Amino acid sequence: MFKNDELLNLFSSQETPFYYYDLKLLKQTLQSAKKAADKRGFHVHYALKANFNDRLLSVIQAMGFGADCVSGNEVQKSIDTGFSADQITFAGVGKSDKEIVTALKHRIFAFNVESIQELEVINELAGQHGERANISLRINPNVDANTHHYITTGLDENKFGVPNSELEKAAAVIKGCEHIDLIGLHFHVGSQITDMSVFKSLCVKVNEWKSWFEDRGTYIKVINVGGGLGVDYRDPDGNPVADFEAYFDVFDKFLERNAQQEVHFELGRALVAQCGTLVSRVLYTKSGSKKNFLILDAGMTELMRPALYQAYHKIEKIGGDGSEKELNYDVVGPICESSDSFGKEVLLPVSKRGDLIAIRTAGAYGEVMASNYNLRNEIRYLYSE
């Protein structure tokens, strides 16, 4: 990807580390997702938790996507960035009173509610502020996403959603609430899912729970199936855009709905992951009796995923003609933690102090999870159209 001389020259003049965002690729990805969704009548909300960089948000909003938020500040950020309130959903297992009031005042599209107590709190706060709240009830479908256990959300053991055992009670509570309107059901099984059979299994569960409510006289207008579509971390150049056609086709084929029912999605990673790259310089090389190390000026403070999830990111040396001798390196950062590692035994061209290194597919859960631990500097950015 980074063989273009103009781009290399641009990188060489920048202080590292920084996030490089390819806005052309972002737009290409968004157009692919929107085309596949629109032709099926599906609604897509962008999950801000993946990346809330202002430049990226402005592009996503301009494309006509809604927003999926998991905090009051994300709700406010969406409004400030130009997202229409009637396209904003607010999820999260622990919404504070202040956050709920913020969303109520903006009259957002819907709260994705995750417990009976939350139903009661939203109803009470809506009454106090003279508002009505649309809600979608999040149900835990007990579908195994076959992904990392830290990013699995749809099993009975997870903290998310209303347990199946409490649905009867939840339905009764909703009927007694004067200031909320149940408009939909919400589901989410996890993240970085590449096996389409997982989404087929989700459709089966959604059909069951939709019928459960309709058999009891409750019409469901909105079916929100969450997100979770994964991307190719190992071959970002070969597969820069996720297969949105295959993804949406599963729901089009297996989700039972009538012409009046809306299907909503909450996509984050699949929209922004591939457009972002963390660019760093080699500070030092170090050889031990068993290991060769590349010590970078970027660390877990810039990209947490490898330390938190043991996540894989493709690591490349920027520049060169491909004929250089190669060596296995442990690629690590400068942070005073043994977990500050981007990859072990990574085969790279022999590198030296000052060489530029690219850590790919970092547009999702990279910048947003950064910290100033060790009093690190603020994140820098570079964009290309």
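**Entry 1. The barrel.** I began with the strands and found that eight of them close into a barrel, in the order E2-E3-E4-E5-E6-E7-E8-E9, with parallel pairing. Neighbouring strands of this sheet are turned against each other by 30° on average, direction ignored. I note here that the model is a predicted one.

Strand E7, residues 180-186, runs parallel to strand E8, residues 222-224, and three bridges join the two. Within this pair I located Gly-184, whose bridge partner in E8 is Val-222. For my own reference, strands of a sheet pair through backbone hydrogen bonds, either parallel or antiparallel.

**Entry 2. The division into domains.** I next asked into which domains the chain is divided. Domain 1 covers 5-19 + 275-383, and domain 2 covers 23-271. The contact takes 18 residues from domain 1 and 20 residues from domain 2. I also recorded the separation of the two centres, taken over C-alpha atoms, which is 33 Å.

**Entry 3. The area between the domains.** The size of an interface is often given as the accessible area lost when the parts come together. For domain 1 and domain 2 I noted a buried area of about 1,900 Å², with carbon and sulfur atoms giving 58% of it.

Entry 4. I counted one salt bridge between domain 1 and domain 2. On the side of domain 1 that touches domain 2, helix H11 (305-309) and strand E16 (381-384) each supply at least two residues. The largest share of that side, three residues, comes from H11.

**Entry 5. The antiparallel strands.** I turned to strand E10, residues 276-287, and followed its pairings. Strand E1, residues 18-22, pairs with E10 in the antiparallel sense over four bridges. In this pair Tyr-20 stands opposite Thr-277 of E10.

E10 also runs antiparallel to strand E15, residues 356-359, and four bridges join them. Here I found Val-279 opposite Ala-358 in E15.

Finally, E10 pairs with strand E11, residues 292-296, over five bridges, again in the antiparallel sense. How many residues lie between E10 and E11 in the hairpin they form? I found four residues between them. Ser-287 stands opposite Asn-292 in E11.

**Entry 6. Salt bridges in the whole structure.** I recorded 26 salt bridges in the structure. Side chains of opposite charge can pair when their charged atoms come close.

**Entry 7. Backbone details.** Which residues does a cis peptide bond join? I found this bond between Thr-16 and Pro-17, with omega about -5°. Pro-17 is found in the loop between helix H1 (5-12) and E1.

The other place is Thr-361, in the loop between E15 and E16. I noted that phi of Thr-361 is near 55°, which is a positive value in a residue other than glycine.

Methods. Residues numbered from 1 in each chain as written. Predicted model: local features only at pLDDT ≥ 70, side-chain atom pairs only at ≥ 80, totals over all residues. Heavy atoms only, no water. Pairing = 2+ DSSP bridges. Axes fitted to C-alpha atoms, helices over the stretch in contact; angles between N-to-C directions. Domains from an automatic or database assignment. Contact = heavy atoms within 4.5 Å. Buried area = accessible area lost by both parts, 1.4 Å probe. Salt bridge = Lys/Arg side-chain N within 4 Å of Asp/Glu carboxyl O.
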